[in-house]
Amino acid sequence: MSREPTSSTPSLLPFRERAPWFGGDLQTLRNIIIGGPPELSGGERLLLAMPDGDLLAARLDRPAAETNAPLIVLTHGLAGSESSPHGVATARYLVSQGWPVLRLNLRGAAPSRATSGGRYHAGKTEDLVAALRGLPAELVRRGIVLIGNSLGGNLVLKFVGEGGHGLPVHAAVAVSTPIDLAASCARLMAPRNFVYHRYMLNEMKREALAPSAALTAAERAAIAGARNLYEFDDRFVAPHFGYRGAQDYYESNAAKNFLAGATLPTLILHALDDPWVPAENYRSIDWSNLPAIETALTQGGGHMGFHGAGSLTPWHDRVTAQWLKQKGLGPQRMFETK
């Protein structure tokens, strides 16, 4: 079935679902049912210092031959990490195409737990800023491209809307992003998403209650007792970070409220049949008033799915590479002069 994108960049590859992954739910669940690709061999571990002493773990993978491509910094989604199947797939493909890729594990995400007692949230851009500033100069000498998956996309879009913080970021890509946090919370708790909701809530609790987490006894009790995502955010996340409640946390950090500040070239990729994010969140925005932002809104693809016909590489990864090359941010092999 053809699923043509509603795109402000018509030259981007069209999306067509690959059998048998038809519909938003099967697109979303494919990596759970089949599993993701194998991890890249090798990889380098970096520890990036936060102002309060926490360290964020990051994994760096380099292409086989040096190129002049900017560094890709990839941020994961809710309860994810560098090992998330779609993140591994993105890293494998972009590295094979010539980009160095650094997968950043936010505070409390599995590889960062041993070196950080704090926790991330949907808009904690100060941690992203500190991590980028802590990167070795040789890694960022050709600039940075940010890619955010799911909740990581909200973090990236908020960072872009805040003006880029004076960092050498050339462009950004956000995939399957819950740009309206309150609406996405409500959608995930809808009866039709019961299985998704229970799975995500259990994963969030497991992550938040890790032995290394710096929490009070009351906070641990609030996490354990949360019956749904809203209660988790309202009783733990919001007060932990100084917000008045879940609604204050959502409105203060939702990417939709920062889009007007975007000046960096930004690509937003989203499927309108995403079972976790209401399509209206994207349809209600007049994208023509946001000149720095380009969009490809497909009818199909699910949440972080985009398993398309013609390639086992997810469509969003192929389109990201295509768009970066169009922006002059593609890799070119470096040749030694004799």
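Strands here, like helices, are DSSP runs numbered from the N terminus, with at least two residues (E) for a strand and at least four (H or I) for a helix. This is a predicted model, in which local features need pLDDT of at least 70 and side-chain atom pairs count only at pLDDT 80 or more, while totals for chains, interfaces and linings use all residues. Residues are numbered from 1 along each chain as its sequence is written, and side-chain values use heavy atoms, leaving out hydrogens and water.

Let us stay with β10 for a moment. β10 and β11 (residues 293-298) run parallel, joined over six bridges; two strands pair if DSSP finds at least two bridges between them. β10 also pairs with β9 (residues 169-175), again in the parallel sense, over four bridges. There, Ala172 has Thr266 of β10 as its bridge partner.

How many of the residues of β10 are buried? Six of six, along residues 266-271, where buried means under 20% relative accessible area, exposed over 50% and partly exposed in between, with a 1.4 Å probe and protein chains only. In a regular strand, side chains alternate between the two faces of the sheet. In β10 both faces are covered: one side carries the buried Thr266, Ile268 and His270, and the other the buried Leu267, Leu269 and Ala271.

Now look towards β4 (residues 44-49) and β5 (residues 55-61), which pair in the antiparallel sense over six bridges. Ala49 has Leu55 in β5 as its bridge partner. Five residues lie between the strands of this hairpin, and Gly53 takes a positive phi near 105 degrees.

Stepping back, the protein chain holds 12 helices and 11 strands. The C-alpha trace spans about 65 × 45 × 40 Å along its principal axes. Of the 338 residues, 59% count as buried. Among contacts (heavy atoms within 4.5 Å) between residues at least 6 apart in sequence, 75% join residues at least 24 apart.
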